[in-house]
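Here is a short briefing on one chain. Look over the sequence and the structure, then read on.

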Amino acid sequence: MPATAARNSAAARPATNDTESGLGTALNIFIADTYILMMKTQACHWNATGTQFYAMHKLTEAQYAELFAAVDELAERVRALRQLAPNGLGALLQLGTLEEADCAITTEQVARMLATDNMALAEHARDLADEAEEAEDTATHDMLVARIAVHEKAAWLWRSHVA
Ligand SMILES: [Fe+2]
């Protein structure tokens, strides 16, 4: 089969990861964790104190903005997979695996907590990327691989605050 015909037949194929596969459901859990991390990062931006306040304040701001944009992109991928995205804060908290936390803490505690949380999301993204690859869902796989890099970089930045 010519390459063009192969591409066309692949494009015409219905999404393999619709409601039957559960990948959309798994993505919703990752969205919930991303959202919870965004809320924690923003709460630290507001409430943490310490000698590194200004650096922490700026870094948390950049990160919660990035996480907010990522949630939107991931939720739209869930819709493309023909499932509903999480509906409301209650649903996000119910779905998520990441614990909420008191963010009125020191900047050093922020760095340790957000390094750990970002590594947890990197691992979560890695597991999901493997599932997406098995399901031959290239778009979801690529999106998750990008999330691994973002969370590993964020974890490195926070680790460097306390090295
Ligand atoms: Fe702010």
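Helices (H or I, at least four residues) and strands (E, at least two) are DSSP runs, numbered from the N terminus. The model is predicted: local features need pLDDT of at least 70, side-chain atom pairs count only at pLDDT 80 or more, and totals for chains, interfaces and linings use all residues. Residues are numbered from 1 along each chain as its sequence is written.

**Overall make-up**

- The chain has six helices and zero strands.
- Read from the N terminus, its elements run α-α-α-α-α-α.
- Of the 163 residues in the chain, 34% are buried. A residue is buried if 20 or more other C-beta atoms lie within 10 Å of its own, exposed if 12 or fewer, and partly exposed in between; C-beta atoms are placed from the backbone.
- Of the contacts with a separation of 6 or more, 79% join residues 24 or more positions apart. Two residues are in contact if their C-beta atoms, placed from the backbone, lie within 7 Å.

- Helix 6 covers residues 138-161. At 1.5 Å a residue, its 24 residues should span 34 Å, and its end C-alpha atoms are 35 Å apart, which agrees. The expected span is 1.5 Å times one less than the number of residues.
- Its buried residues are Thr-140, Met-143, Leu-144, Arg-147, His-151, Ala-154, Ala-155 and Trp-158.
- Helix 2, helix 3 and helix 5 are among the elements that cover them.
- Leu-144 lies in helix 6. Leu-144 is buried because 24 other C-beta atoms lie within 10 Å.
- Leu-144 touches Ala-125, Leu-128, Ala-129 and Ala-132, not counting residues up to four places away in sequence.
- Leu-144 and Leu-74 are 70 residues apart along the chain, yet their C-alpha atoms are separated by 8.9 Å.

**Helix 5 against helix 6**

- Helix 5 (107-134) has 28 residues, which should span 40 Å at 1.5 Å a residue; its end C-alpha atoms are 40 Å apart, which agrees.
- Just after helix 5, Glu-136 takes a positive phi of about 60°.
- Helix 5 and helix 6 pack at an angle of about 160°, with axes 8 Å apart. Axes are lines fitted to C-alpha atoms, for helices over the stretch in contact, and angles run from 0 to 180 degrees between N-to-C directions.
- The two helices are therefore roughly antiparallel. Angles under 35 degrees count as roughly parallel, over 145 as roughly antiparallel, 65 to 115 as roughly perpendicular and the rest as oblique.
- Their crossing is left-handed, that is, the near helix is turned anticlockwise from the far one by less than a right angle.
- Residues of this contact divide into 16 nonpolar, five polar and five charged. Ala, Val, Leu, Ile, Met, Phe, Trp, Tyr, Cys and Pro count as nonpolar, Asp, Glu, Lys and Arg as charged, and the others, Gly among them, as polar.

**Helix 3 against helix 6**

- Helix 3 and helix 6 pack at about 165°, with axes 12 Å apart. Helix 3 is therefore roughly antiparallel to helix 6.
- Helix 3 passes helix 6 in a left-handed crossing.
- Helix 3 contributes Leu-59, Gln-63, Glu-66, Ala-70, Glu-73, Leu-74 and Arg-77 to the contact. Helix 6 contributes Ala-139, Thr-140, Met-143, Arg-147, Val-150, Ala-154 and Leu-157.
- These residues divide into eight nonpolar, two polar and four charged.

**Helix 2 against helix 3**

- Helix 2 (residues 23-47) and helix 3 (residues 53-80) pack at about 160°, with axes 8 Å apart.
- Helix 2 and helix 3 are therefore roughly antiparallel, and their crossing is left-handed.
- Their contact holds 16 nonpolar, nine polar and two charged residues.
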